[in-house]
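I opened this notebook to record what I looked up, one topic at a time. The sequence and the model come before the entries.

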Amino acid sequence: MNTPSSKALINQDKKISSLRIFLLATATVAILILFWTMGSFKEDPFITETLSIQGEAISGSKLFKINCVGCHGISAQGFVGPDLHEATQEMSDKKIINQVIRGLTPPMPSFEIEPQSMADLLAYLHTLN
Ligand code: HEC
């Protein structure tokens with residue numbers, strides 16, 4: 001039967017299901033955004049501890065010579081890895097710590113490092129500006 005009133009009913013059903021899909025999609029996007037922001041605001045205890053320590057640039061320079069010059073050059077001028085003279089201006093300390101300990105950008109390896117040593121390295125990198 002295809003009376004005008006039954007057609008209207010079918011159309012209403014269609015409207016409801018597209019509204020449902022729209023709501024579901026919106027909810028999914030909202031949840032994804034929530035997780036994403038929670039992830040970037042989550043405090044990493046290693047980073048928090050490192051940032052609370054006053055680093056020593058001289059000790060950091062030694063650590064740099066042992067671990068980093070092979071790729072970043074003897075005076076951090078860049079070689080396989082980029083020049084690090086502007087690194088502390090272009091990146092937050094948090095990002096630099098992540099760069100060193102996470103190994104997210106091969107071929108740069110991740111380093112297992114004490115917070116004190118990381119703070120020293122950061123202090124050294126800050127002297128390069
Ligand atoms: C095996 C080679 C290698 C070693 C060893 C290495 N790096 Fe790297 N590093 C790289 C490469 C390659 C990049 C660029 C990665 C990319 O973003 O594509 C990089 C990027 C970086 C960056 C980001 C620079 C920018 O402007 O994006 C920092 C900071 C850094 N390295 C610090 C260090 C420190 C500190 C050490 C020593 C503890 C170190 N690296 C050891 C290869 C290396």
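I began with a convention: helices (H or I, at least four residues) and strands (E, at least two) are DSSP runs, numbered from the N terminus. By that convention P107 sits in the loop between α6 and α7.

I noted the provenance next: this is a predicted model, in which local features need pLDDT of at least 70 and side-chain atom pairs count only at pLDDT 80 or more, while totals for chains, interfaces and linings use all residues. Residues are numbered from 1 along each chain as its sequence is written.

**Entry: overall make-up.** I looked up the secondary structure and found 7 helices and 0 strands in the protein chain, which reads α-α-α-α-α-α-α along the sequence. I then checked burial, where a residue is buried if 20 or more other C-beta atoms lie within 10 Å of its own, exposed if 12 or fewer, and partly exposed in between, with C-beta atoms placed from the backbone. Of the 129 residues of the protein chain, 15% count as buried.

Entry: Most residues other than glycine have a negative phi, and most peptide bonds are trans. Against that background I recorded a cis peptide bond between P106 and P107, with omega about 10°. A76, in the loop between α4 and α5, has a positive phi of about 60° although it is not a glycine. A76 counts as buried because 21 other C-beta atoms lie within 10 Å. Just after α6, G103 also takes a positive phi of about 60°.

**Entry: the core.** A nonpolar core is a set of buried Ala, Val, Leu, Ile, Met, Phe, Trp, Tyr and Cys residues joined through C-beta atoms within 7 Å. The largest one holds 13 residues, of which I96, V100, M118, L121, L122 and L125 touch the most other members. Both α6 (93–102) and α7 (115–127) supply at least two residues of this core, and the largest share, 6 residues, comes from α7.

Entry: Which residues of α6 are buried? I found I96, I97 and V100; seen down the axis of α6, the buried residues fall within an arc of 100° (taken from the directions from the helix axis to the C-beta atoms), so they line one face of the helix. For contacts I used the rule that the C-beta atoms of two residues, placed from the backbone, lie within 7 Å. The buried residues of α6 pack against α2, α5 and α7, and I97, leaving out residues up to four places away in sequence, touches I47, T50 and M118. With the same exclusion, M118 touches T50, I97, V100 and I113. The buried residues of α7 include M118, L121 and L125, and what covers the buried residues of α7 includes α2 (45–52), α3 (57–67), α5 and α6.

**Entry: around the ligand.** Here a residue counts as near the molecule if its C-beta atom, placed from the backbone, lies within 6 Å of it. I listed 20 residues surrounding the ligand, the closest being C68, C71, G81, T105 and M108. The helices α4 (69–72), α5 (87–90) and α6 each supply at least two residues of this shell. Taking Ala, Val, Leu, Ile, Met, Phe, Trp, Tyr, Cys and Pro as nonpolar, Asp, Glu, Lys and Arg as charged, and the others, Gly among them, as polar, I noted that the shell divides into 13 nonpolar, 6 polar and 1 charged.
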